[in-house]
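Q: Could you go through this one with me? I'd like to talk about helix packing and then the ligand.

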Amino acid sequence: MKNYLPRPDLLAGRVILVTGASAGLGRAASLAFARHGATVALLARNEAKLEAVYDEIVAAGGPEPAMFPFDLAVADDRSLENLAGTLAHHLGRLDGLLHSAHQFFSLTPLSLQTLEQWQTLMRVNLIAPFALTRAVMPLLQQAPDASVVFTGETHGHSPSAYWGGYAVAKSGLETLTRIWSDELASSESLRINTLIPGQVATTLRARTYPGVAAETLPSPEAVMPWYLFLMGEDGREVRGQTVECHT
Ligand SMILES: NC(=O)c1ccc[n+]([C@@H]2O[C@H](COP(=O)([O-])OP(=O)(O)OC[C@H]3O[C@@H](n4cnc5c(N)ncnc54)[C@H](OP(=O)(O)O)[C@@H]3O)[C@@H](O)[C@H]2O)c1
């Protein structure tokens, strides 16, 4: 997939919701999806940063995006259903959902991780992705070719010391992907996968590996071929998988 060359209008006419759209991989994916024709619904907490991404998309000539300032840490079924209703009202359809938002505290031994931290880690990294997907499922099921992409983490796939609740939540996304794909086995028009980006130069990586120079890591743009492949029709046969980026 490293050399995947998406056609310029790969996502034309599609509406894609991206969580964590204000920074890092979610921002890069929003720009890439818009560059390939998608109308992107941008979700994150920081409105000013969302506006900056909105402006970048419009300045590049992409379809006008929509902004959803929203805190996944305090989301409940009602607020998520309201979000789905607003999205349906303003954009009329939903063809894709990329879950890129995440909450990370620090790398620490389990003995130092608190119940409150675990609750937040589970809410933002596992429960909200599940509940948001469920809330927009009726919209996704109306789309002719819909794709849901959860963002996994290497240490959720192959756990190791100090990744604690973050890795546990991320491993849950892979389990969720498989259960949901099993339940949707008869649906040819909707697929769900987990994508593990690997090490990418973002603020998260600067916090988890502060000693590694950002210039030595792939940029968020370098992994976009995988995101575009899974979101567009070329990835149609990939279902219920955990896909790892190898740049
Ligand atoms: N970077 C890597 O090397 C790497 C490696 C493996 C996996 N990943 C995964 O890739 C994804 C993106 O990582 P990243 O490095 O791009 O992270 P990032 O640069 O830290 O961006 C995180 C995004 O999540 C949003 N966010 C955080 N808490 C939120 C909340 N409560 N509600 C709504 N939005 C929230 C942030 O926006 P606001 O602050 O505006 O809310 C921001 O847009 C994550 O799921 C991460 O696990 C990254």
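Q: How are H1 and H8 oriented to each other, and why?
A: This is a predicted model, and in it the axes of helix H1 (residues 24–35) and helix H8 (residues 224–231) come within 10 Å and cross at roughly 60°. Angles from 65 to 115 degrees would count as roughly perpendicular and those under 35 as roughly parallel, so H1 and H8 are oblique to each other.

Q: Which residues make that contact?
A: On the H1 side they are Leu-25, Ala-28, Ala-29, Ala-32 and Phe-33, while H8 brings in Met-224, Tyr-227, Leu-228 and Met-231. By class, the contact of H1 with H8 has nine nonpolar residues, with no polar and no charged ones.

Q: And what about H1 and H2, at what angle do they cross?
A: The axes of H1 and helix H2 (residues 47–59) come within 10 Å and cross at roughly 25°, and H1 and H2 are therefore roughly parallel to each other.

Q: Which residues are involved there?
A: Arg-27, Ser-30, Leu-31 and Ala-34 of H1 meet Val-53, Glu-56 and Ile-57 of H2, and by class this contact of H1 with H2 has four nonpolar, one polar and two charged residues.

Q: Switching to the ligand, which residues come nearest?
A: Of the 29 residues around the ligand, the nearest are Leu-25, Arg-45, Tyr-166, Lys-170 and Thr-202.

Q: What does Leu-25 place 2.7 Å from an oxygen atom of the ligand, backbone or side chain?
A: For Leu-25 it is a backbone N or O atom that lies 2.7 Å from a ligand oxygen atom, whereas for Lys-170 a polar side-chain atom lies 2.7 Å from an oxygen atom of the ligand.

Methods:
Residues numbered from 1 in each chain as written. Predicted model: local features only at pLDDT ≥ 70, side-chain atom pairs only at ≥ 80, totals over all residues. Heavy atoms only, no water. Axes fitted to C-alpha atoms, helices over the stretch in contact; angles between N-to-C directions. Helix = DSSP H or I, 4+ residues; strand = E, 2+ residues; numbered from the N terminus. Parallel < 35°, antiparallel > 145°, perpendicular 65-115°, else oblique. Contact = heavy atoms within 4.5 Å. Nonpolar A, V, L, I, M, F, W, Y, C, P; charged D, E, K, R; others polar. Near = heavy atom within 4 Å. Polar contact = N/O pair within 3.5 Å; in protein donor to acceptor, adjacent residues only side chain to side chain.
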